[in-house]
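Visitor: I am new here and would like to look around. Could you show me the structure and let me ask about the words you use for it?

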Amino acid sequence: MEEKKKEYKCKYCGEVFEKPLLLAHHVRAKHKRAKKREKKGVAIEKLSEQVNKTVEAIGILKGLQVSPHLSDEEKKVLGDVSKRIEELLAYMQKSK
Ligand SMILES: [Zn+2]
């Protein structure tokens, strides 16, 4: 059992090494872009900002939709648009 434990698996690509030092070298050589994670964090932050703005936009559209000054056709257009934005929002939230 002990023998099998002497494997060090790369958390990025799954490659297995016998020694932690080899793994460390591998990670440094092949995955030195591990800092990308930080950038991804910023991207996610921007995405949730976008999501919030989109939620706001849907709210505005829904508010307009019940306006008494609009014709049925205009209301229908607004309904279609907010539906499309809601779909986009769902997609954005999935990719988070
Ligand atoms: Zn790797």
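Visitor: What share of the residues of the protein count as buried?
Guide: Of the 96 residues in this predicted model, 0% count as buried. A residue needs 20 or more other C-beta atoms within 10 Å of its own to be called buried.

Visitor: Which elements make up the protein, from the N terminus on?
Guide: The order is α-β-β-α-α-α, with four helices and two strands in total.

Visitor: Let us pick a residue. Why is Glu-18 called exposed?
Guide: Glu-18 has 10 other C-beta atoms within 10 Å. The limit for an exposed residue is 12 or fewer, so with 10 Glu-18 is exposed.

Visitor: And where does Glu-18 sit?
Guide: Glu-18 belongs to the loop between strand S2 (16–17) and H2. Its C-alpha atom is 5.0 Å from that of Glu-7, although eleven residues separate the two along the chain.

Visitor: Why does His-26 count as partly exposed?
Guide: His-26, a residue of helix H2 (residues 20–30), has 16 C-beta neighbours inside 10 Å. Exposed residues have 12 or fewer and buried ones 20 or more; 16 falls in between, so His-26 is partly exposed.

Visitor: Which residues is His-26 in contact with, leaving aside neighbours within four places in sequence?
Guide: They are Cys-10, Glu-15 and Phe-17. A contact requires C-beta atoms within 7 Å. For His-26 and Cys-10, 16 residues apart along the chain, the C-alpha atoms are separated by 8.2 Å; the contact rule looks at C-beta atoms instead.

Visitor: Now to helix H3 (residues 36–65). What makes Ile-58 partly exposed?
Guide: Ile-58 has 17 C-beta neighbours inside 10 Å.

Visitor: What does Ile-58 touch, not counting residues up to four places away in sequence?
Guide: Ile-58 touches Ser-82, Ile-85, Glu-86 and Leu-89. Leu-89 is 31 residues away in sequence, and its C-alpha lies 9.5 Å from that of Ile-58.

Visitor: Why is Ala-57 called partly exposed?
Guide: Ala-57, also placed in helix H3, has 14 C-beta neighbours inside 10 Å. The value 14 lies between the limits of 12 and 20, so Ala-57 is partly exposed. Its C-alpha atom is 8.2 Å from that of Ser-82, 25 residues apart along the chain.

Visitor: How much of the contacts with a separation of 6 or more comes from residues 24 or more positions apart?
Guide: Such residues account for 40% of those contacts in the protein.

Technical notes:
Residues numbered from 1 in each chain as written. Predicted model: local features only at pLDDT ≥ 70, side-chain atom pairs only at ≥ 80, totals over all residues. Contact = placed C-beta atoms within 7 Å.
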